[in-house]
Structures are given as C-alpha cells and as structure tokens.
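Welcome! Take a moment to look over the sequence and the 3D view below, and then we will walk through them together.

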Amino acid sequence: MRGRGRGTAQGRLAPAQVLAAVVLLASAAPVRAVVCDGAPITVQFARADVAFVGTPIGWHDPNAGASFCSTADPIHYAFSVELAWKGVYTDTLTVLTAAGGSSGGRSFRIGERYLILCQLRDGRPWTGLCSGDDMLENALA
C-alpha cells in the first residue's frame, strides 16, 4: 500500500530521508579503534607503575545488572602474585580493566600465568590492550 503525498511504501524511507541519514552518519565523529604504539616489552615495563607475574583467581563485574553499562566500565580481576617487580606489596592484587575491547579492555583466563604491566589511576592498577601484559609463556618468548 502506498502512502499518499509522500510517494513511499509504508515503513520505508524516501530517497531524501536516506540521503539525510547518510550525511548525518558521514559527518559524525569517527569511531576509533584502540591503537597501541607497539613499544618493545622493555619500554612497556619501564612505563609501568605496577609489574608482576601472577595468576587470575577470579573476577568481578561491579556493574552487573545495571540498567546501563558501558564497555569502559571496569572489570576487577583478582590475581595471585607470584613474582613482583614494581608496585606490588601483597600476595594478591586486584587489577582493573575496561569491560570491552573497544574501550581497550582485555580479559584474562582464570588459572593461567601472566606478566602484568599496569598504570595507576586514582591509586588503583589498571591494565588494557596496550599495557604490554601477556600470558607468561608468550612474554618470555
């Protein structure tokens, strides 16, 4: 069934409406992917406020069940610390990361050993895709 006066089928956009949507989308700020600088591990280690080898023993999403969540919201990973170089003074440490990779967050496998390199934000260790942390076997290679 065709609508009168607009020349469009019910539920469909007119060519002018499609063109307006394309112009709006093209003029919107581009979505940027996380881009890391590719610095060698020695440089990333030097930049880090916190550096240790540890194993994640659990994680917690403090925003679980919230009516609105963002990929930038923090996920808390608890690590058992095996060897510490910088900024770690306990046997366990909670490290924060963004909930989504599009915000630079990363995930860790419970029970696997990692080299963790963090920056402090408001006194709390944060890590992400560009921090340089990796599974220990990969980091040693």
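Does Phe79 count as buried or exposed, and what is its relative accessibility? Phe79 counts as buried, at 0% relative accessibility, where buried means under 20% relative accessible area, exposed over 50% and partly exposed in between (1.4 Å probe, protein chains only).

A word on the model before going on. This is a predicted model, in which local features need pLDDT of at least 70, side-chain atom pairs count only at pLDDT 80 or more, and totals for chains, interfaces and linings use all residues. Residues are numbered from 1 along each chain as its sequence is written, and side-chain values use heavy atoms, with hydrogens and water left out.

**The overall chain**

The protein chain holds three helices and six strands, arranged from the N terminus as α-α-β-β-β-β-β-β-α. These elements are DSSP runs numbered from the N terminus: helices (H or I) have at least four residues and strands (E) at least two. Of the 141 residues, 30% count as buried.

**The aromatic cluster**

Phe79 also belongs to a cluster that ring pairs build from Phe52, Tyr77, Phe79, Phe108 and Tyr114. Rings of Phe, Tyr and Trp (its six-membered ring) pair if their centres lie within 6.5 Å; planes under 30 degrees apart count as stacked, over 60 as edge-to-face and the rest as tilted. The count comes to five aromatic pairs, and two of them are set out here.

| Pair | Centre to centre | Angle between planes | Type |
|---|---|---|---|
| Phe52 and Phe79 | 5.6 Å | 80° | edge-to-face |
| Phe79 and Phe108 | 5.2 Å | 80° | edge-to-face |

Phe52 lies in strand S1 (residues 50-60) and Phe79 in strand S2 (residues 74-86), so their pair ties together parts 27 residues apart in sequence. Phe108 sits in the loop between strand S3 (92-98) and strand S4 (114-121), so its pair with Phe79 joins parts 29 residues apart. Phe52 is buried, and Phe108 counts as buried too, at 7% relative accessibility.

**The disulfide**

A search of the whole structure finds one disulfide, a term for a pair of cysteine sulfur atoms within 2.5 Å. Cys36 and Cys130 form it, with their sulfur atoms 1.9 Å apart. Cys36 is in the loop between helix H1 (15-27) and helix H2 (41-47), while Cys130 is in the loop between strand S5 (124-126) and strand S6 (134-135), 94 residues apart. The torsion about the S-S bond is about -80°, so the disulfide is left-handed. Cys36 is partly exposed at 38% relative accessible area, as is Cys130 at 29%.
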